[in-house]
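Let's take a walk through this protein together. Have the sequence and the 3D view ready, and turn the view as you read.

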Amino acid sequence: MHGRTAKGVPRWALLAAYATTLTALPSGVWRIAAVNLHAPLLERTTTPPTGHGPVLFTGLWYVVVLSVVSEVLAYLTVGLVSEWGEVVPRWVPGLGGRRVPVLAAVVPAGLGATVLTLLFPYALIMLSLGRMINGTRGTGVLVHGWQAVAFAVTYAPLAAWGPLLGIVTVHYHRRRRAQGV
């Protein structure tokens with residue numbers, strides 16, 4: 001499904017890329033189970049938690065789309081260690097067979113790694129302190145007891161997404177530059 005591993009990719013980089021895809025999976029499963037399948041993973045309420053801003057996105061579709069988009073974005077890290085991250089697959093109209101410019105992969109991946117490395121650990125720390133992301137006091141996600149443990153276990157891997165993406169991105173850049181591309 002990922003295509004062939006690119007030449008010169010060490011095993012650690014391949015494992016880091018696959019690990020990146022697994023960082024977004026548990027939280028997506030938690031969200032879908034809690035919101036769409038009504039698993040008892042959070043307290044139900046009809047009003048937003050204290051300190052919560054306006055609810056911009058609602059509905060069951062939003063949770064599924066958010067989870068799928070997160071997983072697809074995490075999966076793009078695999079492109080940094082696969083042949084399709086160096087040469088656009090032939091089936092892509094207009095671009096198939098062309099080499100991927102190094103900066104076309106490195107710049108978005110590097111920006112993504114930076115944002116994710118700053119965002120997720122910060123958000124998780126703020127939640128654990130009983131604050132909203134903007135720093136104001138609030139209840140945040142309404143979980144208690146075992147629900148809080150389940151939430152922490154499924155969301156904590158997100159903190160590794162940015163650093164793993166950053167490591168694989170640096171390796172991709174160095175490897176491609178060493179190849180003279």
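Start at Phe120: setting aside neighbours within four places in sequence, Phe120 is in contact with Leu158, Ala159 and Trp161 (contact means heavy atoms within 4.5 Å). Before we go on, know that this is a predicted model, where local features need pLDDT of at least 70 and side-chain atom pairs count only at pLDDT 80 or more, while totals for chains, interfaces and linings use all residues. Residues are numbered from 1 along each chain as its sequence is written, and side-chain values use heavy atoms, leaving out hydrogens and water.

Phe120 sits in helix α3; helices here are DSSP runs of H or I with at least four residues, numbered from the N terminus. Is Phe120 buried or exposed? Its relative accessibility is 18%, so Phe120 counts as buried (buried is under 20% relative accessible area, exposed over 50%, partly exposed in between, with a 1.4 Å probe and protein chains only). Along the chain, Phe120 and Ala160 are 40 residues apart, yet 8.5 Å separates their C-alpha atoms.

Now hop over to helix α2, residues 60-75. Which of its residues are buried? In α2, they are Val63, Ser67, Ser70 and Ala74. Looking down the axis of α2, you'd see these buried residues fall within an arc of 65°, so they line one face of the helix (the arc is that of the directions from the helix axis to the C-beta atoms). What do they pack against? The buried residues of α2 pack against α1 (11-36) and α5.

Note on methods. Helices (H or I, at least four residues) and strands (E, at least two) are DSSP runs, numbered from the N terminus. The expected span of a helix is 1.5 Å times one less than its number of residues.
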